[in-house]
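This briefing goes through a protein chain by topic, from its overall layout to its charged pairs and its core. Please keep the sequence and structure in view while reading.

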Amino acid sequence: MICVPAMAEVFTGTTVARSTMNITAQAGGIIDELYVQPGSVVKEGEVIARLRTTKVFATQNGTVARIHVEEGKEIQGTVLEIIPVSRYTIHCTSDSAYDSISSNLVHCGETLYMKCTTNGTHQGSGRVYSIDGSNYMVEASGGEFYVGETVYLYRDAEYAYKQ
């Protein structure tokens, strides 16, 4: 004998999963195509998106000194080391230059010649690449200097005293 309650209640609703699982990409990049949408049913191993991986660009001109990755391996930070073409950036000011218009005005792209203030044995040249008032930056293109060394800058390759 089957008993059916006379006043049975009926509820309507939607079934949902008890938990969700995050799916993450193995590398960073940009989604080129997404093959699913909310509500899609997927199977294990099914392609759900196509990822265009991020390219790694050299930050400056130079020679590759050391490589920290191998093709097909996961990147764990540094990709490679570069010995830059310009190893020195000189932060300069014309505040103590000779009091003349030609000594106080430098121009972007101008070539300057440098030698150390200690004994003049370290010499080189570079090009002005940034100017902000009386402050400017020179990217060295040749010569050997110590990091932190103070240099005099000249417009003349012969290091003319007032240039």
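In what follows, a residue counts as buried when its relative accessible area is under 20%, as exposed when that area is over 50%, and as partly exposed in between. By that rule C108 is exposed, because its relative accessible area is 52%. The model is predicted.

**Overall layout**

- The chain contains one helix and nine strands.
- In sequence order these elements run β-β-β-β-β-α-β-β-β-β.
- The chain has 163 residues, and 16% of them count as buried.
- For contacts between residues at least 6 apart in sequence, 43% join residues at least 24 apart.

**Cysteines**

- A disulfide is a covalent bond between the sulfur atoms of two cysteines.
- The count of disulfides in this model is zero, with a cut-off of 2.5 Å between cysteine sulfur atoms.
- C116 is buried, since its relative accessible area is 3%, whereas C108 is exposed at 52%.
- Another cysteine, C92, belongs to the largest nonpolar core.

- Side chains of opposite charge can pair when their charged atoms come close.
- Five salt bridges are found in the whole structure.
- One of these joins the side chains of R52 and D32, with an N to O distance of 3.6 Å. R52 sits in strand β2 (residues 49-53) and D32 in strand β1 (residues 29-34), so this pair ties together parts of the chain that are 20 residues apart in sequence.
- Both partners are partly exposed: R52 has a relative accessible area of 43%, and D32 has 34%.
- A further salt bridge joins E33 and R50, at 2.4 Å from N to O. Here too distant parts of the chain are linked, as E33 is in strand β1 and R50 is in strand β2, 17 residues apart.
- E33 is partly exposed at 36% relative accessibility, and R50 is partly exposed at 40%.
- D32, E33, R50 and R52 are linked in a network of salt bridges.

**Salt bridge between E110 and R155**

- E110 and R155 form a salt bridge in which the closest N and O atoms are 2.4 Å apart.

**Nonpolar surface patch and a loop residue**

- I31, L34 and L51 make up a nonpolar patch on the surface, and together they have about 270 Å² of accessible area.
- L51 is located in strand β2 and is partly exposed, with a relative accessible area of 31%.
- V56 is in the loop between β2 and β3 (62-67), and at 58% relative accessibility V56 counts as exposed.
- The C-alpha atoms of V56 and V79 are separated by 8.4 Å, and the two residues are 23 apart along the chain.

**Nonpolar core**

- Which residues form the largest nonpolar core? The core has twelve residues: Y88, I90, C92, V106, L112, M114, V128, Y136, V138, A140, F145 and V151.
- Two or more core residues come from each of β5 (89-93), β6 and β8 (135-143).
- Strand β8 gives the largest share of this core, three residues.

- S125 is part of strand β7 (residues 123-132).
- With a relative accessible area of 19%, S125 is buried, the cut-off being under 20%.
- Beyond its neighbours within four places in sequence, S125 is in contact with L112, Y113, M114, A140, S141 and G142.
- Among these contacts, L112, M114 and A140 are also listed in the largest nonpolar core.

Terms used: Residues are numbered from 1 along each chain as its sequence is written. This is a predicted model: local features need pLDDT of at least 70, side-chain atom pairs count only at pLDDT 80 or more; totals for chains, interfaces and linings use all residues. Side-chain values use heavy atoms; hydrogens and water are left out. Helices (H or I, at least four residues) and strands (E, at least two) are DSSP runs, numbered from the N terminus. Buried means under 20% relative accessible area, exposed over 50%, partly exposed in between (1.4 Å probe, protein chains only). Contact means heavy atoms within 4.5 Å. A salt bridge is a side-chain nitrogen of Lys or Arg within 4 Å of a carboxyl oxygen of Asp or Glu. Patches are made of residues with over 30% relative accessible area and no salt bridge: like charges are joined within 9 Å, nonpolar side chains (Val, Leu, Ile, Met, Phe, Trp, Tyr) within 5 Å. Accessible areas come from the Shrake-Rupley method with a 1.4 Å probe; for residues, only the protein chains shown count as cover. A nonpolar core is a set of buried Ala, Val, Leu, Ile, Met, Phe, Trp, Tyr and Cys residues joined through side-chain atoms within 4.5 Å.
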